[in-house]
Amino acid sequence: MTCIKIGMTLACVLALTACDDFRGNNSGLNGNGSGVDPSLTDVNNPTSVGYFNQTIGDRVLFQVDQSILTPTAISTLDGQVSWLLENTNFTTTIEGHADEQGTREYNLALGARRANVVRDYLVSKGVAANRIDIVTYGKERPLAVCSIEECWSKNRRAVTLVATGLLD
Amino acid sequence: MIINILHLLILAVLFGFPAQSQENSGPLRIEITEGIIEPMPIAVTQFLAENAGAEAFASQLTDVIIRDLAGSGLFRNIDPSAYIGSISNFNAPVSFPDWKAINAQALITGAVNLTSDNQMVVKFRLFDVFGQENLIGLQFAASSQSWRRMSHKVADQVYARLTGEDPYFDSRVAYIAEEGPKNNRKKRLAVMDYDGANPRYLTGSEDIVLAPRFSPNAREIIYTSYETGVPQVFLMNVDTLSRRVLDSERNMTFAPRFSPDGRNVVMSLSNGAKSDIYSFDIATGQKLQLTDTAAIDTAPSYAPDGSQIVFESDRGGGQQIYVMSANGGSAQRISFGKGRYGTPVWSPRGDMIAFTNINNGRFHIGVMRTDGSDEKLLTGSFLDEGPTWSPNGRVIMFFRETQGSVGAPSLFSVDITGQFLKMVPTLTFGSDPAWSGLLE
């Protein structure tokens, strides 16, 4: 498994949100990145984090208790691949998440499995493995808080966080 | 005769009492079976303060003892307003007819003495009222700061004598204290007495912490923390709070549990798409892979003799419970009921496995024999999860999370017969309880 080292400091300066995510805080999960260098959040700038998050799409969703990539997910990931192959100064951390309908340990393993599926896909399409880190949050970081499928479907996700940091 | 029960903390002295037995109708004993409907009526009389300093402690001690015994569901304390007799001298003979008249099966009397250096002596006696027999006479001495533990020790003695079972009141629980909204929950590692008293926080809330487990002597805790950015199992000394990551490599590790001898920790290690079970030698750091399938293998728990491990796996397609040798190898599936099964925990008696069952969108805490037979679901709700056994294997604590946007977890306990469900009080939301063994 790879990890951010030198990149952490740089990533904190340039993209606070992504760094918060890596530390397990919830503040930046939507990837809005307000208050940081505008070139990173300007959704009209194709090389920005904001463009990646909103136009390319930073997340893919999964079916209940599954880690199979849906056609929609593959389409999103193909966009991520193209972007990452063009913007080689960015590295990624892929967060795997589960909904609340599972036990804690199982959901940690399921989140890891989901993050791993996304990593494997990106790598299979040419993104260097050493640019990708993964982390599972299990059911610890829900985005949507209601206890019905409408919320659960948003929480069963893998989020690709990009930052201008180095992984080693 | 002096028995050193708590190292130097509590000294217990057995003392006799003049035999008064007139009629003997067999030993006073409450049989814990499937169908206890009537708790045994007992009279726990107000402990006497033998000097002025002891007054504040005497009634609190009595309250804790009553709460322990009544809280087990096996005993009912008779309200003092019904008393005919009274206890004004700890050493005076007991007038049994007064206690028979109110149908007290057992009578507990006690006295507290506080010395100038804050040492406290607690004496108590347990009587079989109808047998007119003094069953126990004991005294404990310790710092007055330990008055709650002394109360639990008294209740433990009574519980053990009247049930024939090992006791469980003098024990602690490690858990996760939770605060804040559901989408920004702050979690801290905490420990408390089994009844929720004396809570103490062992970590801040900067990093997510999960699922603590006590070492066999309750001096150390293993838990999962995101302190390094990914979930990793940490080993913490409860007294010094010093801690370290168990795996020297930067792997995602979780779901740890100590071996019965405290030398090894068994846990899950994330390995690509799969999670495998490893055992870690705490002293040498050496790790041994115990499972190797494409599946999620997690939530391992040792049998009390250390020979086997129960764990959950989705190797058969869904989350189910398996048993394997402590050295790994082939595993036998034991859960065959409806739905998914996870978080198996081997009972300290060795005869049962507690688990979480998920079926039709509801979560249950249940127990089964170690071969999977005699399954019984004890609870059910939107989310009941994470059972942990009392030191004597009679009670299970778990957490129950309510649903919806303001949903939050609380700790509950339930008897293994499925009776006496009750909430365990915590200052914050609480989850992931882990019961210690009986304290030494």
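B:Tyr194 and B:Trp435 are both buried, where buried is under 20% relative accessible area with a 1.4 Å probe, counting protein chains only (over 50% is exposed, in between is partly exposed). Keep in mind that this is a predicted model, in which local features need pLDDT of at least 70 and side-chain atom pairs count only at pLDDT 80 or more, while totals for chains, interfaces and linings use all residues. Residues are numbered from 1 along each chain as its sequence is written, chains are lettered from A and ligands numbered from 1 in the order written, and side-chain values use heavy atoms, with hydrogens and water left out.

**Aromatic pairs around B:Trp435**

- Across all chains, the whole structure has 18 aromatic pairs; rings of Phe, Tyr and Trp (its six-membered ring) pair if their centres lie within 6.5 Å, with planes under 30 degrees apart called stacked, over 60 edge-to-face and the rest tilted.
- B:Tyr168 and B:Trp435 make an edge-to-face pair, because their ring centres are 6.0 Å apart and their planes sit at 85 degrees.
- B:Tyr168 is in the loop between helix H3 (147-163) and strand S9 (172-179) of chain B while B:Trp435 is in strand S32 of chain B, so this pair ties together parts 267 residues apart in sequence. Helices (H or I, at least four residues) and strands (E, at least two) are DSSP runs, numbered from the N terminus.
- Like B:Trp435, B:Tyr168 is buried.
- The rings of B:Tyr194 and B:Trp435 are stacked, because the centres are 6.2 Å apart and the planes at 15 degrees.
- That pair also links distant parts of the chain, 241 residues apart: B:Tyr194 comes from the loop between strand S10 (186-193) and strand S11 (200-201) of chain B, and B:Trp435 from strand S32.
- One aromatic cluster takes in B:Tyr159, B:Tyr168, B:Phe169, B:Tyr194 and B:Trp435.

**The largest pocket**

- B:Trp435 turns up again here: with B:Phe214, B:Trp346, B:Pro348 and B:Gly437, B:Trp435 lies nearest the centre of the largest pocket, which has 25 lining residues.
- On a 1 Å grid over the protein atoms alone, a pocket is an open set of points with protein on both sides within 12 Å along at least five of seven lines, a cavity is a set where a 1.4 Å probe fits but cannot get out, and lining residues have an atom within 4 Å of a point.
- The volume of this pocket is about 590 Å³.
- Its lining splits into 15 nonpolar, eight polar and two charged residues.

**Cavities**

- There are eight cavities of 30 Å³ or more in the whole structure.
- The largest has a volume of about 290 Å³, and among its 23 lining residues A:Lys139, A:Glu140, A:Pro142, B:Lys182 and B:Glu401 are closest to the centre.
- Its lining has 14 charged, six nonpolar and three polar residues.
- The second largest cavity holds about 100 Å³ of space.
- Nearest its centre, out of 14 lining residues, are A:Glu105, B:Arg213, B:Thr343, B:Gly386 and B:Asp432.
- S24(B) gives the largest share of that lining, three residues.

**Chain A overall**

- Chain A has seven helices and four strands, in the order α-α-α-α-β-α-β-α-β-α-β.
- Of its 168 residues, 61% are buried.
- Among contacts (heavy atoms within 4.5 Å) between residues at least 6 apart in sequence in chain A, 72% join residues at least 24 apart.

Key. Points joined across faces, edges and corners; volume = space filled by probe spheres on them. Nonpolar A, V, L, I, M, F, W, Y, C, P; charged D, E, K, R; others polar.
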